[in-house]
Amino acid sequence: MSLHPRPLSLTVNGHGVGPLDVPEGMPMIDFLHEYLNLTGSRLGCGIGECRACTVIVDGPEGSREMRTCITGAHYFEGRKVRTIEGIADPAEAAAQAPQPGQPPRKVIAISPVQQKYLEHFSFQCGYCTPGFVIAATVLVERLAKAPLRPAEVEQAVEDALRPHLCRCTGYVRYYAAVKDLILSTPGLTLKG
């Protein structure tokens, strides 16, 4: 990583951030942790395999996951990013987004994905949970635009969650929670 700073401006959880001088080559996860005090994304493997560090990048093509341990902060210049802290009640989270150097503020309501994970007791240690919430959120948002047949739900959930690693091996409950959410939410599946 170069110590040469470069200005960085982006939107995080609906709140404009920057320009801030950030060292070139600094991983995004370090920027989130050190500059914004957003520590919900976890540094697990550090090589992009476990995906505990993922965030959502929103763009014209929709939302997509991005690993922050292997992606430099400057890649996100001008982009819209949602962290795990921005998943619960996005309007409330955006209104309460912390400023650099300030602690995160309380968020009032959890998302439907988070609620289903709680109902299904999906996590054990919880270290991988932010990545699984991000993956499920991206899937649900994609299905809201392009629903699929109920018979295709299980495969879609497996495809979305498969890249994420859970060291406690809690996969069955994560998968069941997301499948339950999709099948019980109007508009995510096609009728008939």
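Gly-86 counts as buried in this predicted model, since its relative accessibility is 4%, below the 20% under which a residue is placed in that class. The residue lies in the loop that connects β5 with α2 (90-95). Although Gly-86 and Val-55 are separated by 31 residues in sequence, their C-alpha atoms are 9.7 Å apart in space.

The strands β1 to β5 are arranged in an open sheet of 5 strands, in which the order is β2-β1-β5-β3-β4 and the pairing is mixed. From one strand to the next, the twist averages 40°.

At one end of this order, strand β1, which comprises residues 5-12, is paired with β2 in the antiparallel sense over 7 bridges; within this pairing, Leu-8 is found opposite Leu-20 of β2. Helix α1, formed by residues 28-36, packs on the sheet and touches β1, β2, β3 (55-59) and β5 (80-82), while the direction of the helix makes about 105° with that of β2.

At the other end of the order, β3 and β4 are likewise paired in the antiparallel sense, here over 5 bridges, and the two strands form a hairpin with 2 residues between them. Within this pairing, Ile-56 has Glu-65 of β4 as its bridge partner.

A further packing arrangement concerns two helices. The geometry of such a pair is described by the angle between the axes together with the distance between them. Helix α5, spanning residues 153-161, and helix α6, spanning residues 171-184, pack at an angle of about 130°, and their axes are 10 Å apart. On the side of α5, the contact is made by Val-153, Glu-154, Val-157, Glu-158 and Leu-161, and on the side of α6 by Tyr-174, Tyr-175, Val-178, Lys-179, Ile-182 and Leu-183. When these residues are grouped by class, the contact of α5 with α6 comprises 8 nonpolar and 3 charged residues, with no polar residues.

Key: Residues numbered from 1 in each chain as written. Predicted model: local features only at pLDDT ≥ 70, side-chain atom pairs only at ≥ 80, totals over all residues. Heavy atoms only, no water. Pairing = 2+ DSSP bridges. Helix = DSSP H or I, 4+ residues; strand = E, 2+ residues; numbered from the N terminus. Axes fitted to C-alpha atoms, helices over the stretch in contact; angles between N-to-C directions. Contact = heavy atoms within 4.5 Å. Nonpolar A, V, L, I, M, F, W, Y, C, P; charged D, E, K, R; others polar. Buried < 20%, exposed > 50% of the residue type's maximum accessible area, 1.4 Å probe, protein only.
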